[in-house]
Amino acid sequence: MAPEPVRDTDPTIGRLVTDASRDISGLIQKEIQLAKSELKVSVRAGGIGVGLFAAAAFVVVLAIVMLSVAIAYFIHWAGLGLHWAFLIVFGAYVLIAALLTYIGVRKVKQVRGPEKAISQGKEIPRALKGNPEPTSSAPELPRPS
């Protein structure tokens, strides 16, 4: 089989590369435009959601204030002076805040760094060098079978 002669209508390799790079560039630009339009919709919905959460939190704060006043008046209705009733409600909120602070401090003290991940990360250079024995006391993970 003899090779066919090159015709003027056949594209050259340079032309094919140029066309391919233009097509890929156009495809990437279209993908970026699509991603931007999807993100605009998501960001708008997320912003509306955050705004609604903030409004709900504000309404809950107002409800707590109203509930506090109602509790104070119920205590007053039971026969205690109004000023003492409000002080009792205030004291209850201080106790709740102190309890939440105590629990929060205990939980924060439980936070530890990722010790296993750090020790395994220190083993990466050894593994890349091909040293089969660990140089530290990093826990060995089970190998997948």
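This is a predicted model: local features need pLDDT of at least 70, side-chain atom pairs count only at pLDDT 80 or more; totals for chains, interfaces and linings use all residues.
Residues are numbered from 1 along each chain as its sequence is written, and side-chain values use heavy atoms, with hydrogens and water left out.

**The chain as a whole**

- The protein chain has an average pLDDT of 84, and 85% of the residues score at least 70.
- There are four helices and zero strands, so the order from the N terminus on reads α-α-α-α; helices (H or I, at least four residues) and strands (E, at least two) are DSSP runs, numbered from the N terminus.
- Of the 145 residues in the protein chain, 6% are buried; buried means under 20% relative accessible area, exposed means over 50%, and partly exposed is in between (1.4 Å probe, protein chains only).
- Among contacts with a separation of 6 or more, 7% are between residues 24 or more positions apart, where a contact means heavy atoms within 4.5 Å.
- The protein chain exposes about 13100 Å², and carbon and sulfur atoms supply 71% of that area. Accessible areas come from the Shrake-Rupley method with a 1.4 Å probe, and for residues only the protein chains shown count as cover.

**Helix α1**

- Helix α1 covers residues 13-77, which is 65 residues.
- From its first C-alpha to its last, helix α1 reaches 94 Å, close to the 96 Å expected at 1.5 Å a residue. The expected span is 1.5 Å times one less than the number of residues in the helix.
- After α1 comes Gly79, which has a positive phi near 120°.

**Salt bridges**

- The count comes to three salt bridges, each defined as a side-chain nitrogen of Lys or Arg within 4 Å of a carboxyl oxygen of Asp or Glu.
- Arg15 and Asp19 form a salt bridge, at 3.7 Å from N to O. These two residues are four apart in helix α1, so about one helical turn separates them.
- Arg15 counts as exposed because its relative accessibility is 52%.
- Asp19 also meets Arg22 in a salt bridge, at 3.2 Å from N to O. Arg22 and Asp19 are three residues apart in helix α1, which means about one helical turn lies between them.
- Arg22 forms a salt bridge with Asp23 as well, with 3.9 Å between the closest N and O atoms. Through shared partners, Arg15, Asp19, Arg22 and Asp23 are joined into one network.

**Aromatic pairs**

- Two aromatic pairs are counted. Rings of Phe, Tyr and Trp (its six-membered ring) pair if their centres lie within 6.5 Å; planes under 30 degrees apart count as stacked, over 60 as edge-to-face and the rest as tilted.
- Tyr73 and Phe86 make an edge-to-face pair, with 5.9 Å centre to centre and 80° between the planes. This pair links distant parts of the chain, since Tyr73 is in helix α1 and Phe86 in helix α2, 13 residues apart.
- Tyr73 is partly exposed at a relative accessible area of 43%, and Phe86 is partly exposed at 35%.
- Phe74 and Trp77 form a tilted pair, because their ring centres are 6.3 Å apart and their planes are at 55°. Both residues lie in helix α1, three residues apart, about one turn of the helix, and both Phe74 and Trp77 are exposed.

Notes
pLDDT is the predictor's confidence in each residue, from 0 to 100.
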